[in-house]
Amino acid sequence: MSGLPRPSLGCVGAPRLLAGLDQAARLDRVAHLTTHGQMPRYRPEELVDLADNIDLRGRGGAGFPFAKKLRAVMRSARAGDGQTAVVVNGSEGEPSCLKDTALLLHTPHLVLDGALLAAAALNSEDVVVGVTRGDVEQSLREAVAERGPAGRRVQITRLPERFVTGESTAHVNGLNGGPTLPSGQKVRTSDRGLNGVPTLFSNTETFAQLAVAARLGALDFRATGLPSEPGTIMLTIAGTTAVETPSGAALSYILELCGTDPGQGVLVGGYHGKWLDPASARAAEISRESLDRLGARLGAGAVLPLPMDTCPAGEVARVTRWMAKESAGQCGPCVRGLPAMADVLDDAIRGGGRPALEMLELRMKAVLKRGACSHPDGTSAFVASALRTFPDEFRDHALGSGCGRRVLGALPLPEDEESPERLLVDWTLCKGHGLCVDVLPDVVRLDLDGFPAEASMAVPRQLRQKAQRAVRRCPALALRIQD
């Protein structure tokens with residue numbers, strides 16, 4: 001996403017996808033094969049069985065079983081002329097999610113392996129990767145060139161950077177040369193997708209996981225994670241760090257390893273996701289079963305802890321306003337309903353009283369199950385979840401007392417490229433301890449002598465909490481944040 005940092009990489013438990021990439025910029029073709037080995041061949045029925053045995057599901061949001069997608073495309077192809085296509089959804093319109101971007105920037109060949117493996121099973125002529133970022137497009141084009149003649153089957157297409165670009169019909173419409181907008185029709189891509197042929201459509205991590213499983217085999221793949229949900233899961237923590245974890249790991253443990261905690265609550269699943277209160281977040285595990293019990297789901301793997309020093313109501317309001325602007329513009333609930341909901345929410349948190357809160361409830365209900373796609377429902381659910389998780393915050397704001405905290409932009413949005421704040425180094429105090437770069441690697445760079453390379457560094461809003469931690473941890477008290 002523009003306006004968001006290049007993702008830093010971390011790894012929890014047994015590394016598979018990241019494979020040490022927190023220390024390597026990118027695996028080219030030779031380094032990829034050295035790390036992962038050659039890709040074995042699978043017959044169509046063997047690939048379906050593999051996906052079934054490891055319960056591989058889509059990692060882009062809905063979590064649909066991959067084996068069912070394969071079977072559906074095969075059935076549609078048999079009913080038609082046999083043509084099929086494979087589409088990799090490499091867009092991340094969700095501003096809080098960067099894990100697919102991390103894969104495409106650092107290990108693009110793993111993703112291409114999975115896509116080409118599926119294409120071989122389906123006898124697909126077309127393999128297309130849709131992306132929205134320039135650096136991702138460049139990484140993939142380099143990977144295709146590194147494959148030589150074998151890479152010619154893969155096309156890379158740049159699509160507009162919007163929240164709805166990742167929706168399957170919007171993505172395929174864009175690849176077909178039309179507007180990158182949801183079709184509003186209940187047509188499955190497995191029946192009619194790219195160029196009108198049955199299409200296997202899934203996201204970046206899904207194909208990478210398929211490539212890993214194909215090399216390991218079902219038995220070894222299942223050795224990691226839960227028996228009911230084998231393997232690993234990639235997450236984006238706080239909009240900045242891509243993490244791979246075995247399923248079943250404690251959410252609180254992952255947050256701790258990333259230098260944070262549940263704070264006031266944790267948003268799971270991104271801006272169409274659900275909020276967990278601190279107690280629920282501490283009890284949660286990274287698994288469908290655990291999150292289902294708490295009324296949440298991982299979606300595209302975005303996990304956003306809300307720091308203690310920001311205003312929850314204000315954070316939710318600014319995201320709601322952005323979501324309203326991301327309307328596809330094709331139906332009333334999006335064009336009029338979401339902006340109206342954002343207006344009423346703004347009114348409520350600015351002291352609009354109980355009538356404003358009551359009107360907000362009505363606005364949320366008015367858009368439900370009426371949209372051409374899931375965007376109105378998802379946005380309404382996001383606000384409703386926030387009202388349940390932070391009832392006192394919204395009540396106090398509506399009644400005029402508020403919480404007294406600023407809105408720090410802890411929930412990342414594309415327009416938040418840089419805040420007016422800067423991290424300043426006092427050279428008269430700095431001793432070159434280097435702790436600042438450990439806490440804030442996306443901002444601080446060290447020179448050859450081990451001192452910060454710059455005296456003044458811009459701090460993106462979503463990294464403000466980490467910048468404050470760097471200031472507190474500096475043994476020489478040589479750092480400060482300046483507005």
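**Exercise 1. The open sheet**

Task: In what sense do strand S2 (residues 85–90) and S5 pair, and over how many bridges? Then place both strands in their sheet.

Solution. Step 1: S2 and S5 pair in the parallel sense, and five bridges join them. The model is a predicted one.

Step 1: Take one bridge. Ala85 has Thr199 of S5 as its bridge partner.

Step 2: Extend to the whole sheet. The sheet is open and has four strands, ordered S4-S3-S2-S5, with parallel pairing. Strand S4 (154–158) and strand S5 (199–203) are the edges, each pairing on one side only. On average, neighbouring strands are turned by 20 degrees against each other, direction ignored.

Background: strands of a sheet pair through backbone hydrogen bonds, either parallel or antiparallel.

**Exercise 2. Two helix pairs**

Task: Classify the packing of helix H4 (residues 99–106) on helix H6 (residues 134–146). Do likewise for helix H15 (residues 353–367) and helix H17 (residues 391–398).

Solution. Step 1: H4 and H6 pack at about 40 degrees, with axes 8 Å apart.

Step 1: Apply the cut-offs. Roughly parallel needs an angle under 35 degrees, and roughly perpendicular runs from 65 to 115. H4 and H6 are therefore oblique to each other. Their crossing is left-handed.

Step 2: List the contact. H4 contributes Thr101, Leu104 and Leu105, while H6 contributes Asp135, Val136, Ser139 and Leu140.

Step 3: Turn to the second pair. The axes of H15 and H17 come within 8 Å and cross at roughly 130 degrees. Roughly antiparallel needs an angle over 145, so H15 is oblique to H17. Here Gly353, Arg354 and Leu357 of H15 meet Phe394, Arg395 and Ala398 of H17.

**Exercise 3. Salt bridges**

Task: How many salt bridges are counted?

Solution. Step 1: The count is 25 salt bridges. The cut-off is a side-chain nitrogen of Lys or Arg within 4 Å of a carboxyl oxygen of Asp or Glu.

Step 1: Arg133 bridges to Asp135, with the closest N and O atoms 2.7 Å apart. Arg133 counts as buried because its relative accessibility is 9%. Asp135 has a relative accessible area of 27%, so Asp135 is partly exposed.

Step 2: Glu46 bridges to Arg43, with the closest N and O atoms 2.9 Å apart. Glu46 is partly exposed because its relative accessibility is 28%.

Step 3: Arg318 bridges to Glu315 at 3.3 Å between the closest N and O atoms. Both residues lie in helix H13 (residues 312–325), three residues apart, about one turn of the helix. Arg318 and Glu315 are both buried.

Step 4: Arg29, Asp113, Arg147 and Arg215 are linked in a network of salt bridges.

Background: side chains of opposite charge can pair when their charged atoms come close.

**Exercise 4. A loop residue**

Task: Is Ala284 buried or exposed?

Solution. Step 1: Ala284 is in the loop between helix H11 (278–283) and helix H12 (288–293).

Step 1: Ala284 counts as buried because its relative accessibility is 1%.

Step 2: Leaving out residues up to four places away in sequence, Ala284 touches Ala249, Ala250, Leu251, Leu276, Ser290, Leu291 and Leu294.

Step 3: Take Ala250. Ala250 and Ala284 are 34 residues apart along the chain, with 6.2 Å between their C-alpha atoms.

Note on methods:
Residues numbered from 1 in each chain as written. Predicted model: local features only at pLDDT ≥ 70, side-chain atom pairs only at ≥ 80, totals over all residues. Heavy atoms only, no water. Buried < 20%, exposed > 50% of the residue type's maximum accessible area, 1.4 Å probe, protein only. Pairing = 2+ DSSP bridges. Axes fitted to C-alpha atoms, helices over the stretch in contact; angles between N-to-C directions. Left-handed = near helix turned anticlockwise from the far one by under 90°. Contact = heavy atoms within 4.5 Å.
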